[in-house]
Amino acid sequence: MGSVCCTQQHRRADSDEIEQTAEIEDRIERESKAEEHIQKLLLLGSSDSGKSTIFKQIKLLFQNGFDDAELKNYIPVIHANIYQTIKILFDGSKELSQSFSDRSRFHVSDENKEIGERLSEIGSRLEFPYLTSEIADEIETLWQDSAIQETLSCCNKLQVPDCAHYYIENLQRLSNPGYIPTKEDVLYARVQTTGVVEIQFSPVRENKRSGEVYRLFDVGGQRNEKRKWIHLFEGVTAVIFCAAINEYDQTLLENETNRLMETKELFEWVLKQPCFEKTSFMLFLNKFDLFEEKVLKVPLNVCEWFQDYQPASSGKQEIEHAYEFVKKKFEELYFRSTSPDCVDRVFKIYRTNALDQKLVKKTFKLVHETLRRRNLFEAGLL
């Protein structure tokens, strides 16, 4: 009798195990089918290329944006950006005074020097105090010092973040006790991406039920770190590579390498990765707004890559001429770095400004249409 009971228990256990296994297999199959409809996009670029701003724009455009808690989390980030900016400028004025024959241009006035030393010390900390109206007044006073403005004009030699002017212009609002960041404040916020962050979205709100869904991965870390895991992204639908084209006269802090040359080398390295042989490439020539401001003042051929550039005109015509030259250089690099096995992969170039929401939305619609047509072509429907 006992053996019969034991046998029945084993049968029930086996039956439960079979049922559980079937449920797991069914769930895996459902998830795999769901994954088939998701197109994966990999967002790459050098530090300060604007790729993380693109990522935030996508969250604002195609998801629900940032809730109150997320906005409040950006307060210490924004305040840190301000302290770090003023430290870079004050310390930079002292460095530049040692490099130029006319040192007086970079000498902060005696009455502002004490403020500068105090703010520089704050900017060196790992944790920063809340920005009060009193500190904001001191930052404004130092910012208006002629030596700091001279230093700002040499920002290509320093690592002055693009958010500098925007945050200084809004200091009083940003230092209010009840301050809550706006979406524009968040877009300007500078946070170094570490590891991988992702969001899932549909690029056209009206077609959310069409089944076309994207998963966007924003990848941080230095190039030597990317070598360790980039093969894990084999099979992504497209790589979106951001290049800040305004950086043609700027250098890296660590080794004084031209920043655009660093971007060139990174782009070339990514193009040659075996895991991307069949992956589409979308190149965002970003920060065009800053590029058009700079290119009429700073010759494009100060960059080693652009030494053969010859100005052709002035004003808007010269801006377009310079942009087309840069675009052609990237096109040549792409085709030179693409093996014969990869010639059928899609390559598109877009002029972008990551802070311009309308332009980002328009660009992503174009990316979406390009990838949709590619999918139809591969399915034999075009």
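User: How many salt bridges does a search of the whole structure find?
Analyst: This is a predicted model. The search covers the whole structure, and the count of salt bridges is 19.

User: Which strand does the salt bridge of K51 and D218 tie to helix α2?
Analyst: The side chains of K51 and D218 meet at 2.7 Å, N to O. K51 lies in helix α2, so the pair ties together parts that are 167 residues apart in sequence. D218 sits at the other end, in strand β3.

User: Is K51 buried or exposed?
Analyst: Buried means under 20% relative accessible area. K51 has a relative accessible area of 7%, so K51 is buried.

User: How many of the residues of α2 are buried?
Analyst: Helix α2 runs over residues 51-62 and reaches 16 Å from its first C-alpha to its last. The helix is mostly covered. Among its buried residues are K51, K59 and F62. The count of buried residues in α2 is twelve of twelve.

User: Are the rings of F62 and F201 stacked or edge-to-face?
Analyst: The structure holds 27 aromatic pairs. In this one, the ring centres are 5.5 Å apart and the planes meet at 15°. Planes under 30 degrees apart count as stacked. So the pair F62 and F201 is stacked.

User: How many residues apart are F62 and F201?
Analyst: F62 is in helix α2 and F201 is in strand β2, so the pair links distant parts of the chain. F62 is buried at 4% relative accessibility, and F201 is buried at 3%. The separation is 139 residues.

User: Where does Y309 lie?
Analyst: Y309 forms an edge-to-face pair with F325, at 4.9 Å centre to centre and 65° between the planes. F325 lies in helix α14, 16 residues apart from Y309 in sequence. Y309 itself lies in the loop between α13 and α14.

User: Which residue forms a salt bridge with R351?
Analyst: The charged end of R351 sits over the ring of Y323, 4.1 Å from its centre. The closest N and O atoms are 2.9 Å apart. The partner is E320.

User: Which helix holds both R372 and E369?
Analyst: R372 forms a salt bridge with E369, with the closest N and O atoms 2.9 Å apart. R372 is partly exposed at 29%, and E369 is partly exposed at 31%. They are three residues apart, about one turn of the helix. That helix is α15.

User: Which residues do salt bridges that share partners join into one network?
Analyst: Shared partners link the bridges into one network. Its members are D48, R190, E247 and R259.

How values were computed
Residues numbered from 1 in each chain as written. Predicted model: local features only at pLDDT ≥ 70, side-chain atom pairs only at ≥ 80, totals over all residues. Heavy atoms only, no water. Helix = DSSP H or I, 4+ residues; strand = E, 2+ residues; numbered from the N terminus. Expected span 1.5 Å × (residues − 1). Buried < 20%, exposed > 50% of the residue type's maximum accessible area, 1.4 Å probe, protein only. Phe/Tyr/Trp six-rings, centres within 6.5 Å; stacked < 30°, edge-to-face > 60°. Lys NZ or Arg CZ within 6 Å of the ring centre and 35° of its normal. Salt bridge = Lys/Arg side-chain N within 4 Å of Asp/Glu carboxyl O.
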